[in-house]
Amino acid sequence: MACLRVRAMLRWLGMIEDFLFPEPLYCPLCGEQPLDFLECCGKCLAQLGIDWKLRPVGSRLTGSLFVYRDYGREVVQQLKFHGGYRTAVAVGALLGRALRETPEFAEVELLVPVPLHPARERRRGFNQAEALAHGIRSQWPRPLFHGLVRVRDTPAQSGLSLEERRSNVRRAFAVVTDVALAGKRCLVVDDVMTSGSTFEGVAGVLESLGAVCLGVSAARAVLEKNPSQC
Ligand SMILES: [Zn+2]
């Protein structure tokens, strides 16, 4: 009983401390500037060069928020390799704001983050595409689909040619749930889209079960040897 009273008192003291000395809310991208009304500071927003673009990949529509270069590349590296969960959620929220203003995506019913292989996710601590999807949902509420898994731990895509990327992702994904996908409009979420081969691999699996797929990524990149393929 005494123990419970001490715990309650500590909780109250913590709340009083939070009230008197609130944690400053800093931009999760740079960790330096205070936040205003968006999910990142104005300086980071300007450096990212937000430029929401729609483009078809094959017959499917995709959207992306900025170009994978300079600061945009740094931010993606941060959310991917440096434990940047909060960065991913913040960028996802910016994506959500863009999506909710875009009528072409209005009928999306499910968000499908591109899964990591479980071994890779354990090493990284989280799936950056799923963190992006959580950010998207904060601005544009849609349910998350958890039934897609990566059954092969494919090597990283960077540095591969278009043909190598396609063969890399073939048969890498599977749906492991009996949730009906027939007729569902799914939005495949990823961090970077280059040739779109990962997106096409995921979309192929979902569409074989009757879904209709669109795609979204934080960044868009150009294949170095094959710029015309982007
Ligand atoms: Zn910032």
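How many disulfides does the count come to? In this predicted model, the count comes to zero disulfides.

The aromatic rings come next, and a search of the whole structure finds two aromatic pairs. One of them is formed by W52 and F105, whose rings lie 6.1 Å apart from centre to centre with 50° between their planes, an arrangement that is tilted. This pair links distant parts of the chain, since W52 belongs to the loop between α2 (42-48) and β1 (53-57) while F105 belongs to the loop between α4 (85-100) and β3 (110-113), and the two residues are 53 residues apart. W52 counts as partly exposed at 23% relative accessibility, whereas F105 has a relative accessible area of 0% and is therefore buried.

The rings of Y85 and F126 have centres 5.4 Å apart, and because their planes stand at 90°, the pair is edge-to-face. Here too, distant parts of the chain are linked, with Y85 in helix α4 and F126 in the loop between α5 (118-124) and α6 (128-139), 41 residues apart. Y85, with 37% relative accessibility, counts as partly exposed, while F126 is buried, with a relative accessible area of 11%.

How values were computed:
Residues are numbered from 1 along each chain as its sequence is written. This is a predicted model: local features need pLDDT of at least 70, side-chain atom pairs count only at pLDDT 80 or more; totals for chains, interfaces and linings use all residues. Side-chain values use heavy atoms; hydrogens and water are left out. A disulfide is a pair of cysteine sulfur atoms within 2.5 Å. Rings of Phe, Tyr and Trp (its six-membered ring) pair if their centres lie within 6.5 Å; planes under 30 degrees apart count as stacked, over 60 as edge-to-face and the rest as tilted. Helices (H or I, at least four residues) and strands (E, at least two) are DSSP runs, numbered from the N terminus. Buried means under 20% relative accessible area, exposed over 50%, partly exposed in between (1.4 Å probe, protein chains only).
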